[in-house]
Amino acid sequence: MDLSLPNPSWSKDMRLLFDQFMKKSEDGSWKHLPSYKNKFSRRIEDIKVFFPDAKLIKEKISQAQLFPRNFEEGLGFEYAMFHNHAEDRTVCIFQGGPYLQGAPGFLHGGAIATMIDSTLGMTALIAGGIVMTANLNINFKRPIPLCSVVVINSQVDKVEGRKLFLSCNIRSVDEQTLYSEATSKNLCLFWVWFSLSYISLGFVFGV
Amino acid sequence: MIRRTFQVAMSLGSHRVLPGAPCVLPRLNPTSAFGSSTDSLVSRFCPEKMDMKDYALPNASWCPDMLNLYQEFLEKTKTDGWIKLPSFKSNRDHIQGLKLPFGLAVASDKNDWRICTRCIQEEGQGYEYVIFFHPSEKKSICLFQPGPYLEGAPGFAHGGSLAAMMDEVFSKTAYLAGEGLFTLSLNIRFKNLIPVGSLAVLNVDVEKIEDQKLYISCIAQSRDQQRVYAKCSGVFLQLQLEEESSQ
């Protein structure tokens with residue numbers, strides 16, 4: 001089930017932004033990126049298409065689930081990502097729920113860091129294949145109120161061999177308030193891609 | 001609640017801010033006392049009588065390494081001046097009777113708000129951790145075991161979950177060591193992935209306190225220190241909490 005689609009917990013601002021980006025996706029310049037709780041769920045659906053009688057051995061399927069997708073609707077990370085191929089940048093609209101509190105009434109710095117890592121990681125993944133975050137540097141300018149909606153804009157700044165350098169900023173919906181800025185260095189793990197290709201497909205389709 | 005949240009956000013924007021200043025919150029008079037000593041902060045933070053559940057206690061999901069090290073540090077709380085910090089569901093429970101300064105306090109607060117690192121309450125599935133703090137040396141040790149719901153790369157903890165854990169230990173240490181309240185910056189260098197269900201030991205030190213800022217650093221490594229998972233440094237803003245006025 002694609003979790004980066006609107007649900008009843010999304011605020012008006014979140015829906016508005018989502019609709020704006022879906023509209024931009026109509027001409028192909030932007031692309032909505034699906035997001036699943038379990039990276040392997042997509043693979044399971046593919047298998048069912050080709051082998052409808054296959055019985056899945058449940059014990060072998062990992063219990064593990066992608067961290068930002070492990071919450072009931074509206075309680076944790078509600079987000080959707082869109083990618084612009086021509087400009088090589090990714091935008092994430094994010095609504096942080098009541099289970100991500102830091103200082104009372106505000107989003108936890110670590111929750112913000114998780115979304116920055118996820119967004120930059122997705123940008124790096126699209127640009128460079130399987131990647132691992134080597135370095136994350138975040139400057140917090142203003143605390144983000146809990147349950148508000150923010151926009152994370154990320155891009156690749158430069159590529160040096162196996163290293164990708166990315167940056168992003170977090171702004172309010174009207175772009176008037178700058179909440180955070182971050183830079184990241186990611187490493188391409190091509191040797192992992194070649195030797196563990198079944199996992200690499202999971203990476204490509206899972207967020 | 002949402003209207004109040006926006007009101008808070010608007011009041012943040014209307015604070016006097018020097019153009020180009022990196023921090024939006026007003027500077028305090030440097031001579032105003034950050035007078036609360038570490039001891040008084042700790043005693044208020046760790047109440048003797050607790051009617052709230054303390055989540056930083058062993059349970060069936062803790063791996064043997066974590067249990068052993070926990071017992072070791074529990075002994076040190078009796079002899080070497082270490083203190084085990086309680087861990088409640090919400091930060092509001094930690095600062096009862098106090099509130100955020102400068103109108104940042106949000107008046108309405110739903111009971112189901114949870115601190116980020118206690119978001120997943122099923123035993124062993126999310127963050128299992130306990131923090132020990134040493135008041136005179138201004139350092140902390142956090143025993144952290146990430147559960148399967150914190151996964152990023154298959155079988156390993158999400159980088160963001162480690163970032164959240166580090167920010168959380170930083171924020172508790174910074175508060176008790178010098179009333180550090182808000183994270184200004186975080187710089188994390190990831191070295192190795194943490195396998196889900198294994199123990200990571202976070203050693204946190206306060207490097208210096210100057211100019212209304214607290215500089216703090218951390219190394220996350222395996223118990224035998226053979227594998228370094230990440231190194232992190234952070235800067236926190238010093239701000240005093242205000243007493244909640246009785247109404």
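Trainee: Over residues 105-177 of chain A, how much is helix and how much is strand?
Mentor: This is a predicted model. In residues 105-177 of chain A, 27% of the chain is helix and 44% is strand.

Trainee: Which UniProt annotation covers residues 105-177 of chain A?
Mentor: The record, an unreviewed entry, annotates them as "domain: Thioesterase".

Trainee: Next, A:N135. Which strand does A:N135 lie in?
Mentor: A:N135 belongs to strand β4 of chain A, which runs over residues 131-140.

Trainee: Is A:N135 buried or exposed, and why?
Mentor: A:N135 counts as buried because its relative accessibility is 19%, and buried means under 20%.

Trainee: What is A:N135 in contact with, leaving aside neighbours within four places in sequence?
Mentor: In chain A, its contacts are A:T183, A:S184 and A:K185. From chain B, A:N135 touches B:N187, B:I188, B:R189 and B:F190.

Trainee: Changing topic to chain B: how many helices and strands are there?
Mentor: Chain B has 5 helices and 9 strands. Along the sequence, their order is α-α-α-β-α-β-β-β-α-β-β-β-β-β.

Trainee: What share of chain B is buried?
Mentor: Of its 247 residues, 51% are buried. Chain B also exposes about 11200 Å², with carbon and sulfur atoms supplying 50% of that area.

Trainee: And what share of the contacts in chain B with a separation of 6 or more comes from residues 24 or more positions apart?
Mentor: Such residues account for 72% of those contacts in chain B.

Methods:
Residues numbered from 1 in each chain as written. Chains lettered and ligands numbered in written order. Predicted model: local features only at pLDDT ≥ 70, side-chain atom pairs only at ≥ 80, totals over all residues. Heavy atoms only, no water. Helix = DSSP H or I, 4+ residues; strand = E, 2+ residues; numbered from the N terminus. Buried < 20%, exposed > 50% of the residue type's maximum accessible area, 1.4 Å probe, protein only. Contact = heavy atoms within 4.5 Å. Areas by Shrake-Rupley, 256 points an atom, 1.4 Å probe, with all protein chains shown as cover. UniProt positions renumbered as here; feature names shortened; annotations may be inferred.
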